[in-house]
Amino acid sequence: MAWISEENKALLAKEGMKRGQTLTYDSVVQLTKKYPSLEFEDILTIVKYVDEDHSLDIMNMYCYHATKLESVQSAFEFASSYRNYDLLLALLDKHQHDDLLTEWCQVYELVSTLRYNIHIDFKEVLAKTEKLLPYIKSDLLITKLKILRYSAYYRLKQYKMAHAITLETAEFLKTLRPGYLKSVLAARVANNLAYSYFLFEHNVKKAEQLISSTIVNPATQEYILASAHQILGQIYIFNNFQKSKQNLIFSYNLYKKMNVLSQANVIKNNDLIFLHNVHQKYFPLDEDMDIEEQAHQYIIRKQPNKAIALLDMAEQQNGKNKFNLFYRSMATDNYHLCKEALHFAMMDGDFVFKKWMFKKFEEKYVLTNERGILN
């Protein structure tokens with residue numbers, strides 16, 4: 001159910017407005033005229049609470065026609081966070097000559113460019129953010145640029161830098177004035193920080209706390225909520241099959257609802273299959289899946305020759321990586337390949353998978369003391 005403050009709930013009662021009532025853009029405009037103290041976040045939560053089915057259409061119009069400076073600024077982030085890039089382009093076109101919005105147009109033009117660029121050069125993203133930062137005065141826009149920098153460092157596998165900049169951004173956010181922009185940016189930063197704590201420090205408790213803050217944040221929109229549940233699903237992959245599966249399916253359904261099929265397919269073809277493989281559970285082989293996880297499934301089915309054939313194919317296409325080497329070691333019972341896979345995982349800085357691989361390594365080669373390896 002959509003969240004609303006007690007104060008705004010009382011306002012709706014005073015106006016005779018109830019949940020499930022049909023709203024129009026005009027009726028929302030009349031409400032803002034009658035209560036000019038309502039801020040963007042108030043309007044958004046009221047519209048979602050009263051008429052959730054039509055809330056995006058109403059808010060898209062509200063964003064485009066907004067005239068108050070703070071509402072226009074919030075509209076840029078609304079369009080970005082709800083992935084409505086047609087609205088974002090329309091806002092950029094409308095406000096490009098507004099002196100009070102020059103830096104907002106500069107930052108969100110970069111955001112829109114990234115959205116429409118299929119092959120993003122993340123080194124170029126870093127260069128562009130570095131070029132912009134000295135000229136940006138708005139703390140909110142500085143936060144937005146820092147979030148873009150996190151994404152670039154993460155994609156470039158510079159995980160220590162990604163973690164450091166997210167910690168810095170989280171502290172910086174504490175100094176900002178409450179409002180829609182702070183809330184929505186905080187939700188994204190909490191997600192990034194949770195994933196960073198989980199994947200590179202394996203601090204599951206801290207990661208769960210941060211994800212919980214995202215889920216209860218009233219400004220968290222569906223894309224970030226889907227991401228939060230996907231991260232929760234990944235957190236539970238190794239120790240709680242049911243909780244992991246529930247969160248991954250919840251995330252998958254949200255992404256499908258929003259038509260974000262690329263991310264939905266990652267969950268379907270990677271996360272859910274990996275979950276089943278980790279827990280030694282069969283998964284239908286006719287499903288579309290990552291070739292290395294298909295090999296993993298054949299290992300579970302005790303068909304190592306089929307697994308090796310797929311791993312050979314994958315290595316020809318993508319070269320060596322920690323998964324290819326590790327599954328090959330499982331299929332061939334090769335201790336040295338297992339050590340090489342662990343080395344790749346450590347080079348990646350991938351703490352979670354490294355820990356899982358080392359646990360399997362211990363079970364097979366150390367604890368069982370096979371072949372006289374390591375007492």
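Student: Is Lys-257 buried, partly exposed or exposed?
Tutor: Happy to start there, keeping in mind that this is a predicted model. The relative accessible area of Lys-257 is 61%. Since the exposed class begins over 50%, Lys-257 counts as exposed.

Student: Which residue forms a salt bridge with Lys-257?
Tutor: The closest N and O atoms of the pair are 2.9 Å apart, and the cut-off is 4 Å. The partner of Lys-257 is Glu-222.

Student: How many residues apart in sequence are the parts that Glu-222 and Lys-257 tie together?
Tutor: Glu-222 lies in helix H13, residues 222-235. Lys-257 belongs to helix H14, residues 241-257, so the pair ties together parts whose separation in sequence is 35 residues.

Student: Are H9 and H10 roughly parallel or roughly antiparallel?
Tutor: The axes of helix H9 (residues 139-155) and helix H10 (residues 159-173) come within 8 Å and cross at roughly 160°. Angles over 145 degrees fall in the antiparallel class, so H9 and H10 are roughly antiparallel.

Student: Which residue in helix H9 pairs with Glu-168 of helix H10?
Tutor: Good one to look at in your viewer! Glu-168 has a salt bridge at 2.2 Å, N to O, and its partner is Lys-146. The two are 22 residues apart, with Glu-168 in helix H10 and, in helix H9, Lys-146.

Student: What relative accessible area does Lys-146 have?
Tutor: Glu-168, its salt-bridge partner, is partly exposed at 42% relative accessibility. Lys-146, by contrast, is buried, a class that requires under 20%. For Lys-146 the value is 13%.

Conventions:
Residues numbered from 1 in each chain as written. Predicted model: local features only at pLDDT ≥ 70, side-chain atom pairs only at ≥ 80, totals over all residues. Heavy atoms only, no water. Axes fitted to C-alpha atoms, helices over the stretch in contact; angles between N-to-C directions. Helix = DSSP H or I, 4+ residues; strand = E, 2+ residues; numbered from the N terminus. Parallel < 35°, antiparallel > 145°, perpendicular 65-115°, else oblique. Salt bridge = Lys/Arg side-chain N within 4 Å of Asp/Glu carboxyl O. Buried < 20%, exposed > 50% of the residue type's maximum accessible area, 1.4 Å probe, protein only.
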